Amino acid sequence: MLKYVCLIDNLLQVPKFPPRLHIIFARKSNKAIIFRRGPSKYVCSIGWDRQTNIFTLGQWLHGRIYERRSDISPDGKYIIYFAMNGKWQSEIKGSWTAISRYPYLKAIHLRAKGDCWNGGGLFIGKNKYWLNSGCGDEIKEDTKELTRSFEYPWHEGYGGECPGVYYVRLQRDGWQLTEIETAGQWRSLAIFEKKLPNGWSLRKYCREEVNNLPGKGCYYDQHELINSQLNKNIHLPDWEWAEIDDTFLYWVSKGKLYSAQLGETGLIEEKELKDFHNMSFEPIKAPY
């Protein structure tokens, strides 16, 4: 009997997935912010100094941060993010947009939202930001350190949800949108590309799918390295995030962060920079 009980337990066991990582580079400093999600109801912020490869834990949140509606200021001093904990009767209405001091999550500017439409925003200067606010925001905390721009400063538009912030951020940071494909109401694919050294290009496939793959959200990315001169394509389905910084290529695969340089025939000097698996929630106070 025990054998059959164990067998049923194994069949019903929820599969474990590696932590999901999303990273945003500051445009004019060596800082980057990492949002690490896992388990699914917990997320933390982590500061990364790209020059020294020192990682600094910010704070944990029992809830969800929508990393594709988030940003870091050009100097790496501030973070803007949209979050949800589902406590709809609370003072912050269950979801909110916040601006915090890197690498922490404690808000110096806080706007209660009350739903998950729109939210988040982008920095358009080191002390100036734009909000993807929609309507119904209620200011709970404010700061004089930053100012808000009420004008939409870009030509492109992709709606109020994650692509409306994420796709603009990608293009701002040097990615070229090459194609958008739509397959029905709840499935689309946006393809971005960035030039790399030695004739290579990095292609980013940004997928929006309701019936997503196991372990993926409704928004997820895949990648491919392409060299038209060599007629060579390297498909990289496990790369959930990737970016170029100077001559280095960085990527995330199965909960780990890697770096390498691109030689004439492909990746060289590949290194594992950080394993983010063995982390769990801990209460941390911001020093401000």
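This is a predicted model: local features need pLDDT of at least 70, side-chain atom pairs count only at pLDDT 80 or more; totals for chains, interfaces and linings use all residues.
On a 1 Å grid over the protein atoms alone, a pocket is an open set of points with protein on both sides within 12 Å along at least five of seven lines, whereas a cavity is a set of points where a 1.4 Å probe fits but cannot get out; lining residues have an atom within 4 Å of a point. Residues are numbered from 1 along each chain as its sequence is written, and side-chain values use heavy atoms, with hydrogens and water left out.

The largest pocket is lined by 28 residues, and those nearest its centre are Arg20, Gly215, Lys216, Tyr220 and Glu240. Its volume is about 560 Å³, a volume being the space filled by probe spheres set on grid points that are joined across faces, edges and corners. Strands S1 (20-25), S2 (31-37), S5 (64-65) and S17 (219-227) each supply at least two lining residues, with S17 providing the largest share, four residues. Strands (E, at least two residues) and helices (H or I, at least four) are DSSP runs numbered from the N terminus. The lining of the largest pocket comprises 14 nonpolar, four polar and ten charged residues; Ala, Val, Leu, Ile, Met, Phe, Trp, Tyr, Cys and Pro count as nonpolar, Asp, Glu, Lys and Arg as charged, and the others, Gly among them, as polar.

The second largest pocket has a volume of about 330 Å³. Of its 16 lining residues, Phe17, Arg37, Gly38, Pro39 and Ser40 lie nearest the centre. Eight residues of this lining are nonpolar, five polar and three charged.

The structure holds one cavity of 30 Å³ or more. About 40 Å³ of space lies in the largest cavity, which is lined by Arg68, Cys162, Pro163, Tyr166, Tyr167, Cys206, Arg207, Tyr219, Tyr220 and Asp221. Helix H2, S16 and S17 each give two or more residues to this lining, and H2 gives the most, with four.

Helix H2 (residues 162-172) is largely enclosed by the rest of the structure, because nine of its eleven residues are buried. Buried denotes under 20% relative accessible area, exposed over 50%, and partly exposed the range in between (1.4 Å probe, protein chains only). Among the buried residues of H2 are Cys162, Tyr166 and Tyr167. H2 is followed by Gly174, whose phi is positive, near 100°.

A nonpolar core is a set of buried Ala, Val, Leu, Ile, Met, Phe, Trp, Tyr and Cys residues joined through side-chain atoms within 4.5 Å. The largest such core has 20 residues, and Leu202, Leu225, Trp239 and Leu249 have the most contacts inside it. H2 and strands S15 (187-195), S16 (201-209), S19 (239-245), S20 (248-253) and S21 (256-262) each supply at least two residues of this core. Apart from this core lies another, of 18 residues, among them Ile33, Ile65, Ala98 and Leu105.

No disulfides were found in a search of the whole structure, a disulfide being a pair of cysteine sulfur atoms within 2.5 Å. The sulfur of Cys116 is too far for a bond from the closest cysteine sulfur, in Cys162, at 9.6 Å. For the sulfur of Cys218, the closest cysteine sulfur is also in Cys162, at 6.6 Å, again too far for a bond. Cys116 is partly exposed, at 23% relative accessibility, and Cys218 is likewise partly exposed, at 40%.
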